[in-house]
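Please look over the structure below. A short briefing follows, grouped by topic.

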Amino acid sequence: MSFFAPALEGTKPERYVQLNQELAALIGDERDFVANMANMAALLFHQLPDLNWAGFYLMREGELVLGPFQGKPACIRIPLGRGVCGTAAATRETQLVPDVHAFPGHIACDADSRSEIVVPLIRDGMIIGVLDLDSPKPGRFDEDDRAGLESAAGLLLGASLML
């Protein structure tokens, strides 16, 4: 059985509605956080255009540690407050970066990445990790991506039991 629908259609907000419907169906009744993150990373990587990385970093003993992802091998550990991921975790705010080379302290795990969006994962007031998407295209992410990905992160957090 295939979980992937045909290519998403319509406006970007409409495509995110479809994507989040796919995510909800993919997660279904599954409660395992790692399994749900792995499938969500695959879904995002294959359904959103112009990505070269999609995945998660999880809070472990005060730093972000690589979790499930799709794309090239990545940095394993990121200190809080460092780079786009560490900034999103420290501020608890989505970071939408049109040009990663202009972001102070950017960590270049993949030299091909030009833009990035990072959504903090917060449950019960605690930061548990981040959702990170990279693109080789400058300016790839916008407010529609922010809204759609924050909604997807909410679906993941609502469906999954934490580790």
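Where does Ala102 lie? Ala102 sits in the loop between strand E4 (95-97) and strand E5 (115-123); strands (E, at least two residues) and helices (H or I, at least four) are DSSP runs, numbered from the N terminus. This is a predicted model: local features need pLDDT of at least 70, side-chain atom pairs count only at pLDDT 80 or more, and totals for chains, interfaces and linings use all residues. Residues are numbered from 1 along each chain as its sequence is written, and side-chain values use heavy atoms, without hydrogens and water.

**Loop residue**
- Ala102 is exposed, at 56% relative accessible area. Exposed means over 50%, buried under 20%, partly exposed in between (1.4 Å probe, protein chains only).
- The C-alpha atoms of Ala102 and Ile127 are separated by 26 Å.

**Helix H1**
- Buried residues of H1 include Tyr16, Leu19, Leu23 and Ile27.
- The buried residues pack against helix H2 (33-47) and helix H4 (143-159), contact meaning heavy atoms within 4.5 Å.
- Gln21 and Ala25 are exposed, on the face turned away from the buried side of H1.
- Just after H1, Gly28 takes a positive phi of about 50 degrees.

**Aromatic cluster**
- Trp53, Tyr57 and Phe69 form one aromatic cluster. Rings of Phe, Tyr and Trp (its six-membered ring) pair if their centres lie within 6.5 Å; planes under 30 degrees apart count as stacked, over 60 as edge-to-face and the rest as tilted.
- Trp53 and Tyr57 are stacked, with centres 5.9 Å apart and planes at 25 degrees.
- Trp53 is buried at 5% relative accessibility, while Phe69 is partly exposed at 27%.
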